[in-house]
Amino acid sequence: MSGSIDVGRVLAPNPSLYTGPGTNTYLLRHAGEVLILDPGPIIPEHEAAILAAVGADAVVGVVVTHTHPDHAPLANPLGSRLDVPVLGFDEGPGFRPDIRLADADAVRFGRKAITAVHTPGHTPDHLCYLFDGLLFTGDHIMQGSTVVIEDASDYLQSLYLVRDLGVTRLEPGHGDAIDDAGAAIDDYIDHRLERERQLLAAIAGGAANVGELVDHVYAGVPAGLRSAAVHQVRVQLTKLSRDGAVTFDDDRTERATVRLNASA
């Protein structure tokens, strides 16, 4: 578990369909030093809440899981204000790391360290952070929801990777902590594989384009989430095309056509 480090959480006031109750900013503390993880969007009251939670301890760095606007934009302003380095996998909109992290890099605070775990799929630059049996998952795994992904092949492999770490507790970027980490990760893997089966069955049943697949597989999706469902179907079809299961003529619209390959 978290051993002798203290894990605090400050919830950003940015709830939405995509962020759930808001972004979790974590304060990892040991021996009078603090590491800020995923400071979130630039919201003055959130920045003030983070600084109040830090208290008299010394911040030694600001780390992000990835560069989405609900996780990273406050990192550089906080780093400048506190005169500490900002760390992440790569630069992105509103984010520029002073130190670029790669898989297995350690980030130290006090006499402890978290270890970066490169988990592409949600985004190419996504990192989780490991401490003992505890994994900070960013948007790789959330509590109470699946996640929007950019590459289904990478995402599935990253799920297998974190499953094999043998962690016992997940601290996600959105939602509450997940105590049964193994079961949650298995559920995510099962969900992704089930989506593949559903799409293949729908195509075999006559669905011929992205829009028809969304109507079938994501029946009843709220209007505000349809664009996300379209994106998810396109990403999953791209993987199935790479796997040789389908031919996908992607024109980036709902009219993009798909058909089963003879060998599928």
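Of the 264 residues in the protein, 50% are buried (under 20% relative accessible area with a 1.4 Å probe, protein chains only). The model is predicted, with local features requiring pLDDT of at least 70 and side-chain atom pairs counted only at pLDDT 80 or more, whereas totals for chains, interfaces and linings use all residues. Residues are numbered from 1 along each chain as its sequence is written, and side-chain values use heavy atoms, with hydrogens and water left out.

The secondary structure consists of six helices and 13 strands, taken as DSSP runs (H or I, at least four residues, for helices; E, at least two, for strands) and numbered from the N terminus. The radius of gyration, 20 Å, is close to the 18 Å given by the globule rule for 264 residues, so the protein is as compact as a globular protein of that length; the radius is taken over C-alpha atoms, and the rule is 2.2 Å times the number of residues to the power 0.38. The C-alpha trace spans about 65 × 35 × 30 Å along its principal axes.

The largest nonpolar core contains 22 residues, such a core being a set of buried Ala, Val, Leu, Ile, Met, Phe, Trp, Tyr and Cys residues joined through side-chain atoms within 4.5 Å. L135, I141, V167, L170, I185 and Y188 have the most contacts inside this core. At least two of its residues come from each of β9 (127-131), α3 (152-164) and α4 (181-204). Not counting residues up to four places away in sequence, I185 touches I141, L159, V162, R163, V167 and L170 (contact: heavy atoms within 4.5 Å). Another core, of 19 residues, lies apart from the largest one and includes A202, A229, L237 and V258.
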